[in-house]
Amino acid sequence: MLEISGLHAGYGRVPVLRGIDLSVAPGEIVLVLGPNGAGKSTLLRSIGGFIKPTAGTVRLDGKDVTGLAPEEITRRGLRLVLDGHRVFPELSVRDNIRLGAAFRGGRPDFEAMAGPALEMFPILRQKLHDPARDLSGGQQQMLALAQAFVAQPRVLLCDEPSLGIAQMLIPPILDFLKRWAALGTAVVIVEQQIDSALAVAVQAIYLGLDEEGTP
Ligand SMILES: Nc1ncnc2c1ncn2[C@@H]1O[C@H](COP(=O)(O)OP(=O)(O)O)[C@@H](O)[C@H]1O
Ligand SMILES: [Mg+2]
């Protein structure tokens with residue numbers, strides 16, 4: 001589903017990733033671990049097309065997508081959920097979720113597409129008509145995931161889903177990702193700490209820093 005080989009990427013002339021190999025099958029969760037600054041977000045950005053890799057390849061369903069524009073990579077079924085639970089604060093919870101399906105054809109039925117996510121995150125259903133700014137950080141993370149869910153990606157990249165959210169909301173979020181993967185989605189989760197995320201993953205890679213703090 002997602003195959004990365006020998007991936008190099010960085011900013012300007014500063015290299016960050018030097019030869020990353022990673023392969024994620026449908027239904028599988030791979031965890032990318034490492035300290036702050038090690039290049040975890042850079043990896044997700046280069047898979048998603050936001051940074052052009054300087055070497056190596058990214059394949060989706062066997063097709064080379066290295067260096068394609070983010071919109072094109074999204075169109076081919078990859079979705080990146082950024083860290084920091086980003087949502088549209090002025091829009092209602094419902095409209096935030098609907099945006100995830102905006103590029104899908106036709107007029108998909110809201111219940112049919114969002115139902116499984118709302119079942120896992122009942123608080124979102126209770127707050128469907130409230131503006132997203134009224135949600136807590138953890139609830140906004142749930143919303144960001146629900147929005148990605150209705151896009152029905154085949155590959156989901158999720159950057160630090162547990163960052164800055166209440167401890168008690170982390171298990172339901174990981175549980176949701178686990179069930180989502182079980183539907184046949186290839187999932188990559190980035191975390192700084194091993195914690196509970198390791199329990200849901202089948203594979204993990206570690207990006208480190210040297211003594212000088214260089215990735
Ligand atoms: N937009 C950017 N421009 C230049 N350097 C960046 C940029 N974003 C990240 N970096 C650098 O790239 C390295 C890896 O960052 P990042 O991928 O964000 O790490 P992580 O997500 O693991 O915390 C760090 O040294 C960081 O300072
Ligand atoms: Mg990061």
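Predicted model: local features only at pLDDT ≥ 70, side-chain atom pairs only at ≥ 80, totals over all residues.

Mentor: Residues are numbered from 1 along each chain as its sequence is written, and chains are lettered from A and ligands numbered from 1 in the order in which they are written.

Trainee: In what order do the five strands of the open sheet with parallel pairing come?
Mentor: The order is E6-E7-E8-E3-E9. Strands, of at least two residues, and helices (H or I, at least four residues) are DSSP runs numbered from the N terminus, and two strands pair if DSSP finds at least two bridges between them.

Trainee: Which strands stand at the edges?
Mentor: Strands E6 (78-81) and E9 (203-206) do; each has a single partner strand, so one side of each lacks a neighbour in the sheet. From one strand to the next, the twist averages 15°. Angles run from 0 to 180 degrees between N-to-C directions, with axes fitted as lines to C-alpha atoms, for helices over the stretch in contact.

Trainee: How many bridges join E3 to E9?
Mentor: Four bridges join strand E3 (residues 29-33) to E9, and the two run parallel. Within this pair, Leu33 has Tyr206 of E9 as its bridge partner.

Trainee: And which strands of that sheet does H1 touch?
Mentor: H1 packs on the sheet and touches E3, E6, E7 (155-159) and E8 (186-191), with its direction at about 150° to that of E7. Contact between two residues means that their C-beta atoms, placed from the backbone, lie within 7 Å. Helix H7 (residues 170-182) lies across E3, E7 and E8 and runs at about 155° to E8.

Trainee: What about the sheet of four strands: what is its order?
Mentor: That open sheet has the order E2-E1-E4-E5, with antiparallel pairing. H1 packs on this sheet as well, touching E1, E2 and E4, and its direction makes about 70° with that of E2.

Trainee: How many bridges are there between E1 and E4?
Mentor: Strand E1 (residues 2-11) pairs with strand E4 (residues 55-60) over five bridges. Glu3 has Arg59 as its bridge partner in E4, and Arg59 also stands opposite Asp64 in E5.

Trainee: New topic: which residues surround ligand 1?
Mentor: Among them are Tyr11, Asn36, Lys40, Ser41, Thr42 and Pro215; a residue is near a molecule if its C-beta atom, placed from the backbone, lies within 6 Å of it. Helix H1 (residues 40-48) gives the most to this shell, with three residues.

Trainee: Is H6 mostly buried or exposed?
Mentor: In H6, 13 of the 14 residues are buried, so the helix is largely enclosed by the rest of the structure. Buried means 20 or more other C-beta atoms within 10 Å of a residue's own, exposed means 12 or fewer, and partly exposed lies in between, with C-beta atoms placed from the backbone. Just after H6, Gln152 takes a positive phi of about 50°.

Trainee: Where is Ala132?
Mentor: Ala132 is in the loop between helix H5 (122-126) and H6. Ala132 counts as buried because it has 25 C-beta neighbours inside 10 Å. Leaving aside neighbours within four places in sequence, its contacts include Val87, Phe88, Gln140 and Leu143.
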